[in-house]
Amino acid sequence: MSTLVIAEHNNKQLNAATLNAITAAKQLGGNIDLLIAGYECDVVAQQAAIIPSLNKVMVADNCAYGHFIAENIAPLIVDNAHSYSHIVATATTTAKNIMPRVAALLDVQAISDISSVLSEDTFKRPIYAGNLIATVQSSDPVKVLTIRGTAFDAASAQGGSVNIETLDQVYDLGITTFVGEQLAKSDRPELTAANIVISGGRGMASGDNFDLLYKIADQLGAAVGASRAAVDAGFVPNDMQVGQTGKIVAPDLYIAVGISGAIQHLAGMKESKVIVAINKDEDAPIFAVADYGLAADLFTVLPELESQLSK
Amino acid sequence: MKVLVAVKRVVDYNVKVRPNSGNTNVDLANVKMSINPFCEIAVEEAVRLKEKGVVTEIIAVSIGSLQSQEQLRTSLALGADRAILIESNQPIEPLAVAKCLKSLCEEERPDIILMGKQAIDGDNNQTGQMLASLLGCAQGTFVSEVQVEEGAIAVTREIDGGLQTLSLKLPAVITTDLRLNEPRYASLPNIMKAKQKPLVIRSVDDLGIDVSPRTQLMGVEPPSQREAGIMVADVSQLVDKLKNEAKVIS
């Protein structure tokens, strides 16, 4: 038994989500190899080569893989999949795009968003926006899995030393062309990796008012998120959305401000260790999952919180 | 240009689902069913493309029980021209759905295949990618904007770090995200008209596709519940609790 983990990265930096997938792979048992597909991503390979749990790192470095186009990366993975019992990636938008394509090429029913490994073929995963947990057993010879990053601790990132193998297969199907991207630039930590997340909802009333959250976030070293309502209202961009169809977060501290607590939002944050809810509606469902609730007007609370934290 | 839209019948998003008495599956008895919200967005996008004159025909397809005719009629009322139901009495997995759709695509030769990025029951987020894979064609997943060009389609995708724009050669599979559009309500005249539109029912066996399941559902349970917390009186008390009780800030 052995597992191929697909690395998540941006050609410059190995994404910490990869380390969660490695932990899941360790629970499956057997050797773990890491596959990096990218362009001019040598530095990523160097970062990966010191991850202790790995057996080897394979790198396919070609412009066809630079923008993580699923059409090109899926056949590369399949071409290198023959000796593995499991192919695993963390359920980021990149992996969610690629892994089902891999599974179909292998004629395998993929299993998405696993929250727990019970055995090499049996897994738990949330369904219905996390309102239920299903236990599923796969009878496919190869298991193609995405794992929920927040459900697995990060494996240690350094201390090892493994060989880097170069893959020279190039798959460029020529059916998909990268046109451009608009990536959010932020000095704050990434939502899914942050220890503290502070999120705003419809109650923030405008995008400008998110400044109140940014100020607190900067004091706490926190990432800033939002509910779907706040994104749909145009207050903030979609990449800040926490919830069933946005990002799944499980920080040490989650502060929900002006968020009512629709189940789709709770699905994205209820595994957080400590949850604080600030909402003027004391009947808001968010209080049912909060460890600490404060029923008050956020426009009074936030400046006060900022000043008390700065003391 | 021809569009095929795949729709799924799912438990209505407002329903709070529960396990059945034996915890073997989801309790679906007497539960309100609806068209999957992401699929509804896919239908709406197809209709908008037709209204722009880009698309000439919209075929709505569903794979499932005979009751899925309701969701196909909804799609017809929203503006699809005709519908095909592939009847299956067994629950059918994404890979098998993709194989059924592939078979229909080979018959119908659509230029664009639209569907929701995921169904809100299984939350798998697989079928579109699998279909594109089986067809060997381009895929645009989690799409929030669509622009049809000559022989290609430009899509804006919602990705973790922001937005990505790709140009896909046709035929292509597009899976819809929430912000692609806001679906219209079907008008009463259109609901009446939809009853006259053609809806063909075929059996999954007739397609000659092996749809036997690859996974077995071993059980369903509610997630662990959080203990109810406490209400604090003011910001000072909150900060004190976070520092000294929860110890999550310093």
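Colleague: In strand 12 of chain B, which residue is the bridge partner of Thr135(A)?

Modeller: This is a predicted model, in which local features need pLDDT of at least 70, side-chain atom pairs count only at pLDDT 80 or more, and totals for chains, interfaces and linings use all residues. Residues are numbered from 1 along each chain as its sequence is written, with chains lettered from A and ligands numbered from 1 in the order in which they are written. Strand 8 (residues 132–138) of chain A and strand 12 (residues 215–221) of chain B run antiparallel and are joined by six bridges; strands (E, at least two residues) and helices (H or I, at least four) are DSSP runs, numbered from the N terminus. Within strand 12 of chain B, the partner of Thr135(A) is Gly219(B).

Colleague: How many residues of chain B are in contact with chain A?

Modeller: Two residues are in contact if their C-beta atoms, placed from the backbone, lie within 7 Å. By that criterion, 66 residues of chain A meet a set from chain B that numbers 64.

Colleague: Which strands are the edge strands of the open sheet of ten strands?

Modeller: The sheet has mixed pairing, in the order 11(A)-9(B)-8(B)-7(B)-10(B)-6(B)-1(B)-4(B)-5(B)-11(B), where two strands pair if DSSP finds at least two bridges between them. Those that pair on one side only are strand 11 (176–183) of chain A and strand 11 (199–203) of chain B.
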